[in-house]
Amino acid sequence: MTTPNKVAAVSEITTDFQESTAAVLTEYRGLSVAQLKELRRSLGAETKYSVVKNSLTAIAAKEAGVDAFDGQLAGPTAIAFIKGDAVAAAKSLTDFAKANKQLVIKTGYFEGKALNASEVAALAALESRELQLAKVAGVLKAPAAAAARIIDALRIKLEEENGAPAPAAEEAPAEAPAEAASEEA
């Protein structure tokens, strides 16, 4: 029988599925309330870790178009709804699962694709977004820095061939007032 509470719960879970970029289904059997609280803290503010009722989650997943959890909703179930960095959240979950063997990562989905437990672990093994962006920036900066070094080397070579060093940029403004004074006299 449908009750307003169940309809609201399904609606909330459906919204969580729709708003998240990734979700990881876990079994938390044997974890204490303090351990669950520690896990929620380690996941950060952009990840919602919710203990869910299996039948309501199945309905909500179907409504949201998520089929990654078919056949996996059994036992004490909790889902990490990830709205931010999926790699960081997956890393937090796998690290916590290594330290607390009671937490079992069952399955997940990332950007609409179903993931098994080993794929969630592979996602966690990726480098963080910030590190990947730093590497890309380094790769993009390298050709410009190399070009600057080549141009500077050519300038130095031309100066050596001509025998007279070209005035540095800092010396030019100092000479300009002296020339203006000699023109006035």
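**Helix packing and cores in a predicted model**

User: How do α4 and α5 cross?

Analyst: The axes of helix α4 (residues 86-99) and helix α5 (residues 117-125) come within 7 Å and cross at roughly 115 degrees. Axes are lines fitted to C-alpha atoms, for helices over the stretch in contact, and angles run from 0 to 180 degrees between N-to-C directions. Helices (H or I, at least four residues) are DSSP runs, as are strands (E, at least two), numbered from the N terminus.

User: Which residues of α4 and α5 meet?

Analyst: Ala86, Val87, Ala90, Lys91 and Thr94 of α4 meet Val120, Ala121, Leu123 and Ala124 of α5, where contact means heavy atoms within 4.5 Å.

User: Which residues touch the most others in the largest nonpolar core?

Analyst: In that core of 24 residues, they are Val24, Tyr28, Leu39, Tyr49, Leu93 and Leu103. A nonpolar core is a set of buried (under 20% relative accessible area, 1.4 Å probe, protein chains only) Ala, Val, Leu, Ile, Met, Phe, Trp, Tyr and Cys residues joined through side-chain atoms within 4.5 Å.

User: Which element gives the most to it?

Analyst: α4 does, with seven residues.

User: What does the second core include?

Analyst: That separate core of 16 residues includes Phe17, Val52, Ala60 and Ala68.

User: And how many helices and strands are there?

Analyst: The protein has seven helices and five strands.

How values were computed. Residues numbered from 1 in each chain as written. Predicted model: local features only at pLDDT ≥ 70, side-chain atom pairs only at ≥ 80, totals over all residues. Heavy atoms only, no water. Buried < 20%, exposed > 50% of the residue type's maximum accessible area, 1.4 Å probe, protein only.
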